[in-house]
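Good morning, colleagues. I would ask you to look at the model on the screen while I go through its fold, its ligand shell and one of its helices.

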Amino acid sequence: MSAPFVTPSAAAPPVALITGASQRLGAATAILLHQQGYNIVIHYRHSAIEAQTLTDTLNQTRENSCTCLHADLNKPSDIQQLCQQSVQHWQRLDLLINNASSFFPTAIGETSTEHWDDLFASNCKAPFFLSQELAPTLAKHQGNIVNMIDIHASAPLKNHTVYCMAKSALQMMTRSLAKELAPNIRVNGVAPGAILWPKPEAEVTAEEKNNILSGIPLERLGTLEDIAKTIIFLATSPYITGQIIAVDGGRSI
Ligand SMILES: NC(=O)c1ccc[n+]([C@@H]2O[C@H](COP(=O)([O-])OP(=O)(O)OC[C@H]3O[C@@H](n4cnc5c(N)ncnc54)[C@H](OP(=O)(O)O)[C@@H]3O)[C@@H](O)[C@H]2O)c1
């Protein structure tokens, strides 16, 4: 018999905080975790309407099973408030998914310190301080952290040096915190390859599509579910820590 995703020992449902979860990969992960019995804290910055809509949808399926919280992860005071409110809501936290991310090019000669600060804040600094602040609560229920990294943390993406550096730091943080926070908290990462087209599909030319697909042995983009299922696999595998799984159709081989 296959094991259930959610540990049945706890009377209250486990709780997951997912940053940047109002849409795309974060929302898909929230929906799948919710189906597995988790209560969900959806964090958002600008996408208040999408966050509220997703929250309402999940609450219609199961009453009082989802809430959404605003925070600008570039602001340390917002990070602290997000942690406090997340824990207060159901008085526990079992899973932190560091998913929120800024992503834009930083060509050499055109990159400012503001660009640097923005890319490092969401992709690296906030995941560290969220993890540090939430560690005591996560440890109470043998919780875990999943960091959303990128295959470009290891193989640079042209014109995206600062983003790649920030994800690379997040990659090291994943392995380092796995050591620091053991044995009570596991820390793992998922490194997506090409999952969504970099802009709305209608704007992607046939040539751009061919360029992307020609580098993927499995000859297709990944799906939101491919990523969400891997996050859940890591979140529910009690003997895995410090690992980063590339979900990229073989692109990084
Ligand atoms: N999509 C892909 O193909 C792909 C490939 C490789 C890696 N990844 C990684 O997988 C994760 C999810 O990807 P995605 O494409 O779904 O992400 P995304 O849509 O680009 O970003 C997710 C959310 O991050 C939030 N965010 C960005 N900066 C923030 C800040 N300073 N403070 C608070 N929130 C902030 C935004 O929330 P609001 O909209 O509420 O402002 C945004 O909706 C990311 O970590 C990404 O790097 C994705």
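Read along the sequence, the elements of this protein follow the order β-α-β-α-β-α-β-α-β-α-β-α-α-β. That gives seven helices and seven strands, where helices (H or I, at least four residues) and strands (E, at least two) are DSSP runs numbered from the N terminus. The model is a predicted one: local features need pLDDT of at least 70, side-chain atom pairs count only at pLDDT 80 or more, and totals for chains, interfaces and linings use all residues. Residues are numbered from 1 along each chain as its sequence is written.

The C-alpha trace spans about 55 × 45 × 40 Å along its principal axes. Of the 253 residues, 41% are buried. A residue is called buried if 20 or more other C-beta atoms lie within 10 Å of its own, exposed if 12 or fewer, and partly exposed in between, with C-beta atoms placed from the backbone.

I turn now to the ligand. It is surrounded by 26 residues, and the closest are Gly-20, Arg-24, Arg-45, Leu-73 and Ser-101; a residue is near the ligand if its C-beta atom, placed from the backbone, lies within 6 Å of it. Helices α1 (24–35) and α4 (113–140) each contribute at least two residues to this shell, and the largest share, three residues, comes from α1.

Which residues of helix α3 are buried? In α3, residues 76–90, they are Ile-79, Leu-82, Cys-83 and Ser-86. They lie on the same side of α3, because they cover an arc of only 95° around the axis, the arc being that of the directions from the helix axis to the C-beta atoms. As a general rule, an α-helix has 3.6 residues a turn, so residues three or four places apart point the same way. Ser-77 and Gln-88, on the other side of α3, are exposed. The cover over the buried residues of α3 includes β1 (15–18), β2 (39–44), β3 (66–70) and α4. Just after α3, Gln-91 adopts a positive phi of about 60°.

Finally, consider Leu-130, which is located in helix α4. Leu-130 is buried, with 25 other C-beta atoms within 10 Å. Leu-130 touches Ile-79, Cys-83, Leu-96 and Asn-98, leaving aside residues up to four places away in sequence; contact requires C-beta atoms, placed from the backbone, within 7 Å. Leu-130 and Ile-79 are 51 residues apart in sequence, yet 6.6 Å apart in space, C-alpha to C-alpha.

Definitions and conventions. Contact = placed C-beta atoms within 7 Å.
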